[in-house]
Amino acid sequence: MTDTTEHQATATAIANNTNDDADRSPILALDNVSYSYVKGGKKVIHDLSYAFEAGKVYAITGPSGAGKTTVLSLLSGLTSPTEGRILYRGQDLAKTDRYRFRSHDIGVIFQSFNLLPSLSVEENIILSMDASGKQFDRPKHDIAIGLLAKVRLAQEYANERILHLSGGEQQRVAIARALSYDPDIIIADEPTGNLDMSTQDDIMAIFKDLAHAEGKCVIIVTHSPDVAQQSDEVFQLAALRKR
Ligand SMILES: Nc1ncnc2c1ncn2[C@@H]1O[C@H](COP(=O)(O)OP(=O)(O)O)[C@@H](O)[C@H]1O
Ligand SMILES: [Mg+2]
């Protein structure tokens, strides 16, 4: 892919992204972000700008190695850009309390789920609530049960150990856990990667509901054209050019 095409793709993404609702300011944005890994020093992300709004499902797509997971860790505050800024509600993440951002404002669903296999479903969800340090207005058990309903898992799963669950069920628990402290933004790395079609559609229905009914900003990293097609906006990362 040529330089021009990559920049055109980015420009188109920004145009599509900002012109439909002028008074809605972005909740999260990449502002001229570049990133190089220390090891190897290769520039993986090159001057990327994009704005994410509440109430929408976004798909970040691109071939393997394009930098999707890197963008996810930049957006979630796990890594800091080498150049440029990540803006949360207009504030530079580098100048705000990133721990607070990660524990209150964004819920991350990792590709490998990162659930604790020997603990129960409810224990995994409550552990994440505890770690956030947030105050809850209802008993944590009640919130956890409510979250199971939201991700369409029967209440009986609350006491089931993670290692007894199927991949699709674990994905639902990972979503419930990410929602446990009620963040504004949900970001997921290949959430439908290992799931069959009907489970994939089910998971997408949950994400669409979170965005459209609850006003969350949902960002999904995916190489699935089907997931991209079901999203409101698609942010296409070009293949890395040889440098
Ligand atoms: N920790 C790391 N150190 C050095 N290079 C890395 C590291 N993680 C990823 N990369 C490189 O960065 C590029 C983008 O990787 P990644 O963001 O994982 O892409 P994707 O998720 O789109 O497959 C790849 O070339 C990968 O080898
Ligand atoms: Mg990846």
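Student: Where do I start? How many helices and strands does the protein have?

Tutor: Keep in mind that this is a predicted model. The protein has eight helices and nine strands. Of its 243 residues, 36% are buried. As for contacts between residues at least 6 apart in sequence, 75% of them join residues at least 24 apart.

Student: Now the sheets. In what order do the five strands of the open parallel sheet come?

Tutor: The order is E6-E7-E8-E3-E9, with parallel pairing. Strand E6 (106-109) and strand E9 (233-236) are at the edges with a single partner strand each, so each has one side without a neighbour in the sheet. From one strand to the next, the twist averages 15°.

Student: And which residues tell me how the strands line up?

Tutor: Look for bridge partners. E6 and E7 run parallel and are joined by four bridges, with Ile 106 opposite Ile 185 in E7. Moving on, strand E7 (residues 185-189) pairs with strand E8 (residues 217-221) over five bridges, again in the parallel sense. There, Ile 185 has Cys 217 of E8 as its bridge partner.

Student: Which way do the residues of E6 point, and are they buried or exposed?

Tutor: Sort them by the side they point to. Ile 106 and Val 108 go one way, Gly 107 and Ile 109 go the other way, and all are buried.

Student: Which helices lie on this sheet?

Tutor: Helix H6 (residues 167-179) lies across E6 and E7 and runs at about 160° to E6. Helix H7 (residues 197-212) also packs on the sheet, where it touches strand E3 (57-61), E7 and E8. The direction of H7 makes about 150° with that of E8.

Student: What about the sheet with four strands: what is the order there?

Tutor: This open sheet is antiparallel and reads E2-E1-E4-E5. E2 and E5 each have a single partner strand, so one side of each has no neighbour in the sheet. Inside it, strand E1 (residues 28-36) and strand E4 (residues 83-88) run antiparallel and are joined by five bridges. Two places to check are Ala 29, whose bridge partner in E4 is Leu 87, and Leu 30, which stands opposite Ile 86 in E4.

Student: How many residues sit between E4 and E5 in their hairpin?

Tutor: Two residues. E4 and strand E5 (residues 91-92) pair over two bridges in the antiparallel sense, and Tyr 88 stands opposite Gln 91 in E5.

Student: Why is H2 described as largely enclosed by the rest of the structure?

Tutor: Count its buried residues. Six of the eight residues of H2 are buried, so the helix is largely enclosed by the rest of the structure. Those residues are Lys 68, Thr 70, Val 71, Leu 72, Leu 74 and Leu 75. They pack against E1, strand E2 (43-52), E3, E4, E7 and E8. After H2 comes Gly 77, which has a positive phi near 80°.

Student: Last one: how do I describe two packed helices?

Tutor: Packed helices are described by the angle between their axes and the distance between the axes. The crossing of H4 and H5 is right-handed. H4 makes the contact with Glu 122, Ile 125, Ile 126 and Met 129, and H5 with Lys 140, His 141, Ala 144 and Leu 147. Sorted by class, the contact has five nonpolar, one polar and two charged residues.

Notes:
Residues are numbered from 1 along each chain as its sequence is written. Chains are lettered from A and ligands numbered from 1 in the order in which they are written. This is a predicted model: local features need pLDDT of at least 70, side-chain atom pairs count only at pLDDT 80 or more; totals for chains, interfaces and linings use all residues. A crossing is left-handed if the near helix is turned anticlockwise from the far one by less than a right angle, and right-handed if clockwise. Two residues are in contact if their C-beta atoms, placed from the backbone, lie within 7 Å. Ala, Val, Leu, Ile, Met, Phe, Trp, Tyr, Cys and Pro count as nonpolar, Asp, Glu, Lys and Arg as charged, and the others, Gly among them, as polar. Two strands pair if DSSP finds at least two bridges between them. Axes are lines fitted to C-alpha atoms, for helices over the stretch in contact, and angles run from 0 to 180 degrees between N-to-C directions. A residue is buried if 20 or more other C-beta atoms lie within 10 Å of its own, exposed if 12 or fewer, and partly exposed in between; C-beta atoms are placed from the backbone.
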